Amino acid sequence: MPTTTLQIPTPDGRADAFAAFPAGGGRHPGVLMYGDAFGIRPVLREMARELAGHGYYVLVPNVFYRHGPTPVVELPAHIGEAARTTAVAQLMPLIQAHTAARTLSDADAFLDFLAARPEVGAGPVAVTGYCIGGLLALRTAAAHPGRVAAVAGFHGPVPADGPDGRHGLLSRLTAEVHLGHAATDVTPEDLDALNRALDAAGVRHTSEIYPGTVHGFTMADTDAFSADGLKRHWDRLLPLLARTLVEV
């Protein structure tokens, strides 16, 4: 599976990124993949390669590039509870500094970069995200209704209520949506309220709690990992992309 490292020009500098794509040349539908807060590392590269193997050009940017190249914070090969606590403490100021305005400025740059790649087809793209990346994915899709056909978020934060939160975000979505929630992140009542908001906004969606999972369940290098949760993630994500993206 061909892979490459890249530098993406943005209004605030250059974002380092990782890309994976099918062998053999040709053009393929693009997928913008936002990682979790821990950023680009072997497990995320492997997930990008897995997705690329199904026929997609997958771009994984370092969203915290303003604070330095990947790895922005030092991480062990396996992120246990103690290492997670330390890393989250280091990353929280970066997360708080990554405002909605920065997200949208970066999204413009990332989507323009995808569109200019010779390996990427001219059709719409998908955006997927993990943890905080799930919220970035929703914001990107809402800001680019003509360019994003599908959006998926896994163990991501649920947008808050209000005109600048859930209501404003969902009302701008035209992409088909899948949200896979960790059982420890969302109560059934929260899920019901979110799904009613998606229905009211006219968003085509599936949104569900993945049984027996905790926050971060897709990431195999953490204590949160769930093999069943990761499989369910692929079982939901791949059909979503297959029915919304057209290879050109």
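**Close-up views of the predicted model**

View 1. Eight strands form an open sheet with mixed pairing, in the order S1-S2-S4-S3-S5-S6-S7-S8. The edge strands are S1 (3–10) and S8, each of which pairs on one side only. Neighbouring strands of this sheet are turned by 20° against each other on average, direction ignored. This is a predicted model, in which local features need pLDDT of at least 70 and side-chain atom pairs count only at pLDDT 80 or more, while totals for chains, interfaces and linings use all residues. Residues are numbered from 1 along each chain as its sequence is written, and side-chain values use heavy atoms, with hydrogens and water left out. Helices (H or I, at least four residues) and strands (E, at least two) are DSSP runs numbered from the N terminus, and two strands pair if DSSP finds at least two bridges between them. Axes are lines fitted to C-alpha atoms, for helices over the stretch in contact, and angles run from 0 to 180 degrees between N-to-C directions.

**View 2. Pairing of S2 with S4.** Strands of a sheet pair through backbone hydrogen bonds, either parallel or antiparallel. Strand S2 (residues 13–20) and strand S4 (residues 57–61) run antiparallel and are joined by four bridges. Within this pair, Ala19 has Leu59 of S4 as its bridge partner.

**View 3. The β-α-β unit at S7 and S8.** Strand S7 (residues 176–182) pairs with strand S8 (residues 205–210) in the parallel sense, over six bridges. Leu179 has Ser207 in S8 as its bridge partner. Together with helix H6 (residues 188–200), S7 and S8 make a right-handed β-α-β unit; right-handed means that, with the strands pointing away from the viewer, the path from the first strand over the helix to the second runs clockwise. H6 lies across S7 and S8 and runs at about 175° to S8.

View 4. Rolling a probe the size of a water molecule over the atoms shows where empty space is left. On a 1 Å grid over the protein atoms alone, a cavity is a set of points where a 1.4 Å probe fits but cannot get out, and a pocket is an open set with protein on both sides within 12 Å along at least five of seven lines; lining residues have an atom within 4 Å of a point. Grid points are joined across faces, edges and corners, and a volume is the space filled by probe spheres set on the points. The largest pocket holds about 400 Å³ of space. Its lining has 22 residues, and Phe38, Arg84, Val88, Cys131 and His215 lie nearest the centre. Helix H2 (residues 81–97) supplies the largest share of this lining, six residues. By class, the lining has 12 nonpolar, six polar and four charged residues; Ala, Val, Leu, Ile, Met, Phe, Trp, Tyr, Cys and Pro count as nonpolar, Asp, Glu, Lys and Arg as charged, and the others, Gly among them, as polar.

View 5. Most residues other than glycine have a negative phi, and most peptide bonds are trans. Cys131, in the loop between S5 and H4, has a positive phi of about 60° although it is not a glycine. A cis peptide bond with an omega of about -5° joins Thr70 and Pro71. Pro71 lies in the loop between S4 and H2.

**View 6. The second largest pocket.** This pocket contains about 230 Å³ of space. Of its 19 lining residues, Phe38, Ile40, Arg41, Pro71 and Leu75 are the closest to its centre. The lining divides into 13 nonpolar, three polar and three charged residues.

**View 7. The cavities.** A search of the whole structure finds two cavities of 30 Å³ or more. The largest cavity has about 70 Å³ of space. Leu138, Gly156, Pro157, Leu179 and His181 lie nearest its centre among 13 lining residues. H4, S6 and S7 are the elements that give two or more residues to this lining. The second largest cavity has a volume of about 60 Å³, and its lining includes Tyr34, Asp36, Ile40 and Phe64.

Conventions. Contact means heavy atoms within 4.5 Å.
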